[in-house]
Amino acid sequence: MKSILSLLLIAVFFVSCKPTSSIITSKSEAMKRGIYTFPENKKIADKARAQQKKQEVKKAAVGSRINDKNDDDYVISIDDSSYLVKQLINSASENLGAKYKAGGTTSDGFDCSGLMFSTFKKFDITLPRSSVDMAKIGRILNEDDIRKGDLIFFRTNGKSVINHVGMVTEVTDDEIKFVHSSTQKGVIISSTKEPYYGKNFAQANRILE
């Protein structure tokens, strides 16, 4: 009897001293130990996912079309030139000092229409090759509507046929400056205030609306 009692006491001792298992077998047990928490409210999570999807769809739609509206913080005024116009003027002006060459379309030499042709061609815009044909495209402007980037034409041969072209680089109330390739000085910037060009001015055309 005494030996049985001793065995029972030993069994109780081992049971009471058995180490707690480190293996978690249920969510409730994990929550009790503080190592598991519920995810955020399902409605909030669903709303966030829906909002993200909506933004992705909107972004894809915007990327597939041209935005033809100005941003609220940017307003185009008459004095502003488009980015393309500025690049065209810069491109033509990079050739200042190049010599005149009949039929030329490179920095080795330009004729007047060759300078315009090669400048626009850099931006994937193909113009007719001669000044008289260039004068037939785009929109002919009133003198008070001329602005940067427009093509300006002259009759310098004493005839009624247009034979010279340049690109407008600056416009003020009484003067128009333009870059062109002249037969005497090559690629330069001239002005309608100069009697020769003021007298022989024919028209100006807008190629880029």
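The questions and answers below concern a predicted model.

Trainee: Is Ser113 buried or exposed?
Mentor: Ser113 lies in helix H5, which spans residues 112-121. A residue is called buried when its relative accessible area is under 20%. The value for Ser113 is 6%, so Ser113 is buried.

Trainee: What is the relative accessibility of Val165, and does it count as buried or exposed?
Mentor: Beyond its neighbours within four places in sequence, Val165 has contacts that include Cys112, Met116, Leu151, Phe153 and His180. Buried means under 20% relative accessible area. Val165 therefore counts as buried, at 0%.

Trainee: How far apart in space are Val165 and Phe201, C-alpha to C-alpha?
Mentor: In sequence, 36 residues separate Val165 and Phe201. In space, their C-alpha to C-alpha distance is 9.9 Å.

Trainee: Which residue in E8 is the bridge partner of Leu151?
Mentor: Strand E4, residues 151-154, pairs with E8 in the antiparallel sense over four bridges. Strand E3, residues 139-140, is also antiparallel to E8, joined by two bridges, and there Arg139 stands opposite Arg206. For Leu151, the partner in E8 is Asn205.

Trainee: How many residues of strand E8 are buried?
Mentor: Strand E8 spans residues 201-206 and is mostly covered. Of its six residues, the number buried is five.

Note on methods. Residues numbered from 1 in each chain as written. Predicted model: local features only at pLDDT ≥ 70, side-chain atom pairs only at ≥ 80, totals over all residues. Heavy atoms only, no water. Buried < 20%, exposed > 50% of the residue type's maximum accessible area, 1.4 Å probe, protein only. Pairing = 2+ DSSP bridges. Contact = heavy atoms within 4.5 Å.
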